[in-house]
Amino acid sequence: MSRVFGSCRTLAAAAARAAVAARAGTKASAAVSAAVSSPSSTAAKPKHSGILKPIPVSLAMRKFLGVPEISRTQAVKKIWEYIKGHQLQNPANKKEIRCDEKLKTLFEDRDKIGMLEIAKLISPHFPKSK
């Protein structure tokens with residue numbers, strides 16, 4: 001349980017220090033309160049890596065998505081947007097996706113795929129960098 005409330009205690013302790021410093025009227029109180037009120041201003045922007053890193057894609061994926069580089073997660077999101085927008089899910093079995101001609105170019109000319117296969121089937125469209 002301490003894991004769950006650990007960050008809350010840290011935030012509460014920082015707020016308590018800021019309140020004590022504010023009562024004391026020191027210059028440190030302004031610095032502490034500024035740090036507590038805007039932690040994102042001092043934090044660096046996270047660098048994307050792994051599946052969040054945009055990487056070059058194959059020609060077929062480039063034609064489908066319209067971008068030369070994209071992260072794996074964003075590619076899956078765009079494919080799902082296309083599937084939902086064109087109502088390609090089987091109404092009787094929502095886990096099954098019926099591929100139209102545009103999706104067949106990505107998914108090895110298969111007529112239907114399972115929803116959990118999407119991530120596996122797009123792997124060849126993200127070439128390994130050496």
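1. Glutamate 117 is partly exposed, its relative accessible area being 22%, and in this predicted model the residue forms a salt bridge with arginine 110, with the closest N and O atoms 2.9 Å apart. Arginine 110 likewise counts as partly exposed, at 27% relative accessibility. A search of the whole structure finds four salt bridges, and this pair is one of them.

2. Glu101, Lys104 and Asp111 are linked in a network of salt bridges. Within it, the side chains of aspartate 111 and lysine 104 meet at 2.8 Å, N to O, while those of lysine 104 and glutamate 101 meet at 3.8 Å, N to O; the latter value deserves attention from anyone re-examining the assignment, because the cut-off for a salt bridge is 4 Å. Lysine 104 and glutamate 101 are three residues apart in helix α6, so about one helical turn separates them.

3. The structure holds one aromatic pair, formed by phenylalanine 64 and tyrosine 82 in an edge-to-face arrangement, with 5.0 Å from centre to centre and 70° between the planes. Phenylalanine 64 belongs to helix α4 (residues 59-65) and tyrosine 82 to helix α5, so the pair ties together parts that lie 18 residues apart in sequence. Both phenylalanine 64 and tyrosine 82 are buried.

4. For isoleucine 118, if neighbours within four places in sequence are left aside, the residues in contact are Ile79, Trp80, Ile83, Ile97, Phe107 and Ile113.

5. Glutamate 96 lies in strand β3 and counts as buried, with a relative accessibility of 19%; that classification should be read with some care, because the cut-off for buried is under 20%. The side chain of glutamate 96 is joined to that of asparagine 90 by a polar contact of 2.8 Å. When residues up to four places away in sequence are not counted, glutamate 96 touches Leu88, Gln89, Asn90, Lys112 and Ile113.

6. Most residues other than glycine have a negative phi. Glutamine 87, although not a glycine, has a positive phi of about 50°; glutamine 87 is found in the loop between α5 (72-85) and β3 (96-98), and at 64% relative accessibility it counts as exposed. Glutamate 108 also has a positive phi, near 55°, in a residue other than glycine. Glutamate 108 is found in the loop between α6 (101-104) and β4 (112-114), and its relative accessibility of 53% counts as exposed.

How values were computed
Residues numbered from 1 in each chain as written. Predicted model: local features only at pLDDT ≥ 70, side-chain atom pairs only at ≥ 80, totals over all residues. Heavy atoms only, no water. Helix = DSSP H or I, 4+ residues; strand = E, 2+ residues; numbered from the N terminus. Buried < 20%, exposed > 50% of the residue type's maximum accessible area, 1.4 Å probe, protein only. Phe/Tyr/Trp six-rings, centres within 6.5 Å; stacked < 30°, edge-to-face > 60°. Contact = heavy atoms within 4.5 Å. Polar contact = N/O pair within 3.5 Å; in protein donor to acceptor, adjacent residues only side chain to side chain.
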